[in-house]
Amino acid sequence: MTVPDSSAFGPTGPADPEGPAAPSAPAPGPSGRVAAGGPVRLDGPWTHRDVAANGARFHIAELGEGPLVLLLHGFPQFWWTWRHQMTALADAGFRAVAMDLRGVGGSDRTPRGYDPANLALDVTGVIRSLGEPDAALVGHDLGGYLAWTAAVMRPKLVRRLVVSSMPHPRRWRSSMLSDFAQSRAGSYVWGFQRPWLPERQLLADDAALVGNLIQDWAGPRTPEFPDEETLDVYRRAMSIPSTAHCSIEPYRWMVRSMARPDGIQFNRRMKRPVRVPTLHLHGSLDPAVRTRSSAGSGEYVEAPYRWRLFDGVGHFPHEEDPIGFSTELINWLQDPEPDR
């Protein structure tokens, strides 16, 4: 296996011998005011609360009434990445809930439990804690990886599946190992395998690397994303103590487990087909996850499967083209018989 250069996580300056820096004081949020809930519980039409699931506490933001749509963020973000879709879903008659994954945002930072099977049980546990029989899962990036996993592990709790910017876990694994172009595009994942240094690099200079990654992965179609205010929100959230380490741990498991019994068992488990209607969304100019890596994921779905490519969009279609993304999502969720 050839490991590409992980220059995205090369030296960014001397590491602080005292450890990661503490988060800076809250700065004005998107509304121009300092958020009352600090860097995570940002103001808006939604409400914030905590729910218990799978032995941990999870922060959620929720808005609207109706069938549950549970939104799962990716790296290096937190629940706020779904702010546009939450209002659109609520207006369309859905109960939109965006959760912070384990170790991120306002959720518990546990010492272990960052393998995808356990993280998927976090997701399905939140569905139960919300008192709902099932949910439409919408996941981006790592959240998409967990959405695929939850649909296989707990199919009765997943009504529909929507994945953005992430192939099926088996496709991700094979692409990272056999497709040099994808392996190079995902060089940050290889860089994460080193101990301690990636966390320090993420936090250096007020988490400047978080802003750089989002800028590098976004496409050229919408030059207004990301603006400095948006980047500041994500940088402050990553600066919360232990968040950088917990954000990296799932990627460490995904690589280090490839030859271990637990990783082999997980890969075999994911051979089970997804049997719920699936919408797969991807940006045509995604530099982190190549289109060809995601495009073959339909072979793992034995249900209506729809592939939608957003032209000129990078790794964050829900933020780069929020109206187009929300329209596609809501139309598909409201379609009683989504076809193949």
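How many aromatic pairs does the count come to? Here are a few notes to read alongside this predicted model.

1. The count comes to 17 aromatic pairs. One of them joins W80 and Y234 in an edge-to-face arrangement, with 5.6 Å from centre to centre and 65 degrees between the planes. This pair links distant parts of the chain: W80 sits in the loop between β3 (68–72) and α1 (83–91), while Y234 belongs to helix α8 (residues 228–238), 154 residues apart.

2. Both partners are worth a look for their surroundings. W80 counts as buried because its relative accessibility is 4%, and Y234 is buried too, with a relative accessible area of 0%.

3. Y145 is buried at a relative accessible area of 4%, and F266 is buried at 8%.

4. Back to W80 and Y234: ring pairs link them with W46, F78 and W79 into a cluster.

5. Now for a helix pair. Helix α7 (residues 197–217) packs with helix α9 (residues 243–256) at an angle of about 135 degrees, their axes 9 Å apart, so α7 is oblique to α9. The crossing of α7 past α9 is right-handed.

6. At this contact, P198, E199, L202 and L203 in α7 meet A244, H245, I248 and R252 in α9. By type, the contact residues are five nonpolar, one polar and two charged.

Methods:
Residues are numbered from 1 along each chain as its sequence is written. This is a predicted model: local features need pLDDT of at least 70, side-chain atom pairs count only at pLDDT 80 or more; totals for chains, interfaces and linings use all residues. Side-chain values use heavy atoms; hydrogens and water are left out. Axes are lines fitted to C-alpha atoms, for helices over the stretch in contact, and angles run from 0 to 180 degrees between N-to-C directions. Helices (H or I, at least four residues) and strands (E, at least two) are DSSP runs, numbered from the N terminus. Angles under 35 degrees count as roughly parallel, over 145 as roughly antiparallel, 65 to 115 as roughly perpendicular and the rest as oblique. A crossing is left-handed if the near helix is turned anticlockwise from the far one by less than a right angle, and right-handed if clockwise. Contact means heavy atoms within 4.5 Å. Ala, Val, Leu, Ile, Met, Phe, Trp, Tyr, Cys and Pro count as nonpolar, Asp, Glu, Lys and Arg as charged, and the others, Gly among them, as polar. Rings of Phe, Tyr and Trp (its six-membered ring) pair if their centres lie within 6.5 Å; planes under 30 degrees apart count as stacked, over 60 as edge-to-face and the rest as tilted. Buried means under 20% relative accessible area, exposed over 50%, partly exposed in between (1.4 Å probe, protein chains only).
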